[in-house]
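Hi,

Here is the structure I promised to pass on. Have a look at it first, and then read my notes below.

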Amino acid sequence: MITSGSTATGPCYWLLAELTYRCPLHCAFCYNPVDYSQVGRELDTATWLSVLEQARAMGAVQLGLSGGEPLLRPDLEEIVAHAHELGFYINLLTSGVGLTEVRLAALKAAGLDHIQLSFQDSTRELNDFLSNTRTFELKQKVARLIKEAGYPMVMNCVMHRYNLPHIEQIMDMAVSMGAEYLELANTQYYGWAMKNRHLLLPTSEQLQAAEAVVQRKRQQIGKACEVLFVVPDYFEQRPKRCMNGWGNVFLVVAPDGVALPCHAARDIPNIEFPNVQQQPLQSIWYDSPLFNKYRGTDWMQEPCRSCPEQAQDLGGCRCQALMLTGDASNADPVCSKSSYHPLIRAAVEQARPVPGLTKQDVPMVFRSNPERERVLPKQSN
């Protein structure tokens with residue numbers, strides 16, 4: 001543990017390597033930056049391997065490989081193999097697009113430990129509408145391949161106004177596919193999801209009905225599948241400890257090498273973003289202005305500064321405060337003690353059903369891809 005300013009900083013335990021922002025899906029709730037096409041060139045293989053070595057030396061034990069779609073990196077197997085040699089527990093977060101039987105065997109041989117497979121819904125119509133692709137049957141096939149390969153599987157489904165009414169069918173689908181874990185993660189409103197918040201935010205009645213279904217189905221399912229239901233922030237009175245606290249255990253490295261305390265932090269203005277190509281990871285974690293900016297409690301304004309619950313939630317989400325109030329130092333508006341809480345209440349009260357599921361009926365803003373994909377840098381041997 002190193003003392004940085006007035007905060008005693010422990011090691012980072014969880015590294016999320018966002019290998020690429022490229023993705024074959026166009027999900028309307030994607031948390032990637034809406035201007036991701038302007039992000040610089042992706043890190044090459046040698047740099048990613050160095051990042052893994054540095055993170056492991058700092059004490060990181062969990063590695064998530066995500067994107068975009070990480071399977072678009074032809075060097076994914078090499079990255080997995082090196083992470084395995086270093087002793088990471090490796091989790092691949094994937095849409096399943098590109099996960100063939102041959103590729104799955106290669107990843108298993110390289111040492112991949114765990115796969116999290118995303119679905120958008122239990123029906124082809126809604127799954128394909130929300131991702132703006134035709135991938136439902138492909139995902140079903142990939143789920144079978146994952147089980148046949150002997151992997152534990154986490155199935156992930158981002159929940160919102162459109163698919164909450166199908167939550168029982170989604171749970172049944174997960175059990176039928178042999179998922180050991182099902183993460184029903186209600187939409188958090190960043191990136192493309194924020195652009196579509198007025199369409200995705202459920203009503204209070206929808207959420208309550210879905211929670212009741214989850215409780216009933218959990219009793220029926222028993223130990224066959226562990227179900228995690230994450231209530232959206234907008235329906236809480238107190239904020240969550242975002243990422244278990246800013247710069248406490250979690251470190252994200254974006255495709256261009258920018259290091260961040262959370263997925264959305266690069267939207268914070270007037271701060272220099274450290275990059276693994278110019279600065280060692282240990283220096284970034286312990287010494288960079290970005291990672292130290294909201295550590296601990298010294299940065300807090302009222303009502304957080306005098307709140308007896310400050311050590312529990314650490315002020316909530318800085319990026320949510322930024323998006324909704326214009327200042328990342330403000331209290332998270334989710335908190336009922338925040339003077340900005342009426343913004344949350346107004347958004348929830350304005351939530352209303354939208355008729356139709358077609359692009360013509362619903363003015364959804366889908367995640368767009370650049371007109372020309374950036375050329376992947378030459379891979380190092």
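A contact here means heavy atoms within 4.5 Å. On that basis, residues 24 or more positions apart account for 73% of the contacts in the protein with a separation of 6 or more. Before you go further: this is a predicted model, where local features need pLDDT of at least 70 and side-chain atom pairs count only at pLDDT 80 or more, while totals for chains, interfaces and linings use all residues. Residues are numbered from 1 along each chain as its sequence is written, and side-chain values use heavy atoms, with hydrogens and water left out.

The overall picture

You'll find 14 helices and 11 strands in the protein; these are DSSP runs numbered from the N terminus, with helices being H or I of at least four residues and strands E of at least two. The radius of gyration is 21 Å, close to the 21 Å that the globule rule gives for 381 residues, so the protein is as compact as a globular protein of that length. (That radius is taken over C-alpha atoms, and the rule is 2.2 Å times the number of residues to the power 0.38.) Along the principal axes, the C-alpha atoms fill a box of roughly 55 × 50 × 45 Å.

Of the 381 residues, 55% are buried, meaning under 20% relative accessible area, with exposed being over 50% and partly exposed in between (1.4 Å probe, protein chains only). The protein exposes about 16,400 Å², and carbon and sulfur atoms supply 51% of that; the areas come from the Shrake-Rupley method with a 1.4 Å probe.

Strand β6

Take a look at β6 (residues 114–119), where 6 of the 6 residues are buried. His114, Gln116 and Ser118 lie on one side and Ile115, Leu117 and Phe119 on the other, and both faces are covered. β6 runs parallel to β5 (residues 89–94), with 4 bridges joining them; strands count as paired if DSSP finds at least two bridges between them. Leu93 stands opposite Gln116 in this pairing. β6 also runs parallel to β7 (residues 153–159), this time with 5 bridges, and there Phe119 stands opposite Cys157.

β5, helix α3 (residues 101–110) and β6 together make a right-handed β-α-β unit. Right-handed means that, with the strands pointing away from the viewer, the path from the first strand over the helix to the second runs clockwise.

Salt bridges

I count a salt bridge when a side-chain nitrogen of Lys or Arg is within 4 Å of a carboxyl oxygen of Asp or Glu. By this rule there are 13. In one of them, Arg73 pairs with Glu42, the closest N and O atoms being 3.1 Å apart. Arg73 sits in the loop between β4 (62–66) and α2 (76–86) and Glu42 in the loop between β3 (14–18) and α1 (45–58), 31 residues apart. Arg73 counts as buried at 0% relative accessibility, and Glu42 is buried too, at 15%.

Glu137 and Arg124 also meet in a salt bridge, at 2.8 Å from N to O. Glu137 lies in helix α5 (residues 136–148) and Arg124 in helix α4 (residues 124–131), so the pair ties together parts that are 13 residues apart in sequence. Glu137 is partly exposed at 40% relative accessibility, as is Arg124 at 48%.

Cheers
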